[in-house]
Amino acid sequence: MDRYDFKSTETRWQARWTEKDCFRAGRHGDRPKYYVLAMFPYPSGRIHMGHMRNYTMTDVVARTRQAQGYDVLNPMGWDAFGLPAENAAMREKVHPRDWTLSNIAAMRDVLKSVGLAIDWSREIATCDPAYYHQQQKLFMDIHEAGLAYRGEAWVNWDPVDQTVLANEQVVDGKGWRSGAPVEKRRLNQWVFRITAYAQDLLDALDGLDGWPDRVRLMQANWLGRSAGAHIRFPLEEAADTSGNPPARLPAEAVGGANGDAAPSVRVFTTRHDTIFGASFIALSPDHPLIGALAADDPDLAAYVSECQRMGTSEEAIETAEKTGYRTRLVARHPFDGRRLPVYAANFVLMGYGTGAIFGSAAHDQRDLDFARKYDLPVLPVVCPAGEGAASFTRSFTDRDEAYTGDGRIINSDFLDGMTIDEAKAEVASRLSAAGLGEATVTWRLRDWGVSRQRYWGCPIPMIHCPDCGVVPVPKADLPVLLPDDIDFGRPGNPLTRHPTWKQVACPQCGKPAERETDTLDTFVDSSWYFARFTAPDASQPIDPAAADRWLPVDQYIGGIEHAVLHLLYSRFFMRALRKAGHVKLDEPFRALFTQGMVNHETYYDAERGQWLYPHEVEIRADGSVIRGDSGQVVQRGRVEKMAKSKNNVIAPTEITARYGADTARWFMLSDSPPERDMEWTTAGVEGAHRFVNRLWRLVHESLDRLPAAGAAEPETMSEAALALRRESHGAIARVSESIADLGFNRAVAHIYALANAVQDFANAGHNAADADWARREALETLVRLVNPMMPHLAEELWQALGHDTWLVDTPWPEAEAALLVHQTVTIAVQVNGKLRGTLDVATDIGEEALREAALALEPVARQLAGKPPRRVIVVPGRIVNIVA
Ligand code: ANZ
Ligand code: ZN
């Protein structure tokens, strides 16, 4: 018998599917829709195993749904703008467009060689003017809807990439791409008003029950809702006890003088219940009031610039030692009138709350550290249950750990005895009665700065006119195209130094004006591509009928690293597009699945200080690893995410060339639960490859026994044939369920089990007509269940089994309810009154079948020693008694 020739088979089927356009969405317009989407890749130039895992899973969903009677949309595109293309341009003197397009071509070839059920007619690249033209229209509409504005803001500045980063793009204080420590700068830029939807984005998380809890939690934390209060503290000069306001402090600089001219400072707190424990006020070094004071306090000015050098990112602040500078001001406590010192302090962020706090040292660790350092009072005002107020208060004379737990209020005048929540409510209502504050909600979420000082992005279609200010480019003049002739000689934005591109007449007054040279954050491009896929050639950004037909995405699959960035922006963008009238829905992704990573062992040659590629080493039987070239022993390192930095990568093309796409796909799916990391091993791939060949043999070895395809079911079935039928139908039910839950590894295990059952059945030599019929059914079932995972092999075997149809057009098998083992019972089996074994069988198993199964038990057969039993008493559901 021949061996399976995966090479010619795979290319042949790919060509056939393409020719017949089998994966075109809309081919079955009368069916319900199903939109499955893998997060589109950045065209770095290579498809890596992480992509492969993602697209294989997506493909299984797409093919299964298509077989199950859906009109499936499974598109592919390219997140094609972004910095690496510009870096390559600088490095290799190649135009970003050429670099990007040739990478796309190379990656598309690889994807096509894997046999993905993708509708390639809908391919999108975000750098295509046809795409960014539509995006510029959306920008206009979002601007008109009041959700895009130009604002001066503190921004994260990446000194290496020379661009602004959104908060989401700063990871541990460093640029998400460059890894450089991020600096703060104040810049004018374009901003999307994502905070307008903060509450809605939070509330709607509850309804996203197709999303992992982990991602929902990460988004909730990112949104960061804090219910608290604003409190206004009147200010005085420390030396001046008359209560006269210091003349030098302008009221507006100190924030919120409500009608009265007295200077004051507004703080944000979530613990207003601890107001009687307040012992100081601390302001961010960037607070305007500190700026005003520093004007004639050189020591304060020096302190401020020291803080700014240190960085004001959350990361820098968390790790730095807490320091402060005592200003000449004092603040008056709103209830007891105490005078509290006012500090500038490095741990207070300007970008959160009001940039000012009151310190309640006993109940906040930072405040306690600060109070100890500057010798400020520490008065506990929340007492845990079971402690006495007096002794708890005394314990704080030398305690260095803040108490942040629950309890009753003490040392607090009218609040004494209340719970924390009661005290908060009381404080809020007294503050608002006194005009000194109110309850409020604060968010961690900031508006989304979308300006990037880069060339390779979507131009922001705005014009700056010296007379008219910011003027939108008229829609008729869109798109604003990127210029081609561009100089990448230096870092920074090449658009600003292009000789002519930015020069334009003002659309309003006609005078010379300048184009906006910032381009849009590439996360804007990816915030709506899934909507564009529904009608990629439409003349408007989103075709309403197509969007109605296909949105939302039914199943989105991608990496957990996008839990807050892309997935939050897209949710906002849908809301913005809804407000601008483009779509009717808020939530773009009904269900989300985040897959694990692909890992591999690492190999390190310590002598040469080199990480070795897997193909450069050999693993010996004792587990040691040697270099393939010199035979020298090297270190076998940890199993880590495949990454170029450790050379522990295997290119998908290596695997498909050697074993075929089906093998790679099968191994991807079989190894681990899809949400977990998987380890890529040669042994694993080879095991998968053996199964490919085993399936092929299993079918081919059976061919001459099998009745013709479509032969009628025999009138009677032996118990053995029936048992095989149960295996087949049980597998249909279990595999269907596993795939529906995206439990691909479980589906694989059920398929292995069915393959084993068919093999056993063949080995047992059952060869009556009913047995052959059941065997064909089992083999066909096997092939159909395997199809979403190994479609080339499955199509080939389907034909070998005598069908002239294709599996891409064949409905998913249905399990016959009568053949499903719904519930099992355990039956005791006795021989001459002695327990010899137990059987787990279906509750509805027939008496005859139960009798056969009992007699087939190994210990029973031994007792009978080849002689027929004298009597068999079957008590259904309980016991089988055999009299030997
Ligand atoms: C007084 C207080 C007493 C506080 C206490 C805490 C404990 P979340 O929950 O994260 O919103 N805070 C407010 N603005 C700040 C800023 N710009 N920089 C640094 N810290 C700031 O945190 C709110 C709490 O963080 C606020 O409640 C405030 O300190 C501090 F026993 O006010 B609290
Ligand atoms: Zn003008």
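**Loops, helix pairs and the ligand shell**

P479 sits in the loop that runs between β23 (469-472) and α15 (494-497). Helices here are DSSP runs of H or I with at least four residues, strands are runs of E with at least two, and both are numbered from the N terminus. The model is predicted: local features need pLDDT of at least 70, side-chain atom pairs count only at pLDDT 80 or more, and totals for chains, interfaces and linings use all residues. Residues are numbered from 1 along each chain as its sequence is written, chains are lettered from A and ligands numbered from 1 in the order in which they are written, and side-chain values use heavy atoms, with hydrogens and water left out.

The peptide bond between L478 and P479 is cis, with omega at about 0°. A cis peptide bond also joins L551 and P552, again with omega of about 0°. P552 belongs to the loop between α18 (544-550) and β27 (555-559). N647 is not a glycine, yet its phi is positive, at about 60°. N647 lies in the loop between β33 (633-641) and α20 (652-659). Most residues other than glycine have a negative phi, and most peptide bonds are trans.

Two packed helices are described by the angle between their axes and the distance between the axes. Axes are lines fitted to C-alpha atoms, for helices over the stretch in contact, and angles run from 0 to 180 degrees between N-to-C directions. Helix α3 (residues 83-92) packs with helix α4 (residues 96-112) at about 115°, and their axes are 8 Å apart. α3 is therefore roughly perpendicular to α4. Angles of 65 to 115 degrees count as roughly perpendicular, under 35 as roughly parallel, over 145 as roughly antiparallel, and the rest as oblique. The crossing of α3 and α4 is right-handed. A crossing is right-handed if the near helix is turned clockwise from the far one by less than a right angle, and left-handed if anticlockwise.

Helix α23 (residues 719-740) and helix α24 (residues 744-763) pack at about 170°, with axes 8 Å apart. These helices, α23 and α24, are therefore roughly antiparallel. Their crossing is left-handed.

Ligand 1 has 17 residues around it, and S226, T269, T270, L349 and Y352 come nearest. A residue is near if one of its heavy atoms lies within 4 Å. The shell holds seven nonpolar, seven polar and three charged residues. β11 (264-269) and β15 (356-360) each supply at least two of the shell residues. β15 gives the most, with three.

Polar contacts (pairs of N or O atoms within 3.5 Å) also involve ligand 1. A polar side-chain atom of S226 is 2.4 Å from an oxygen atom of ligand 1. A backbone N or O atom of T270 lies 3.0 Å from an oxygen atom of ligand 1. A polar backbone atom of L349 is 2.6 Å from a nitrogen atom of ligand 1.

How values were computed:
Polar contact = N/O pair within 3.5 Å; in protein donor to acceptor, adjacent residues only side chain to side chain. Nonpolar A, V, L, I, M, F, W, Y, C, P; charged D, E, K, R; others polar.
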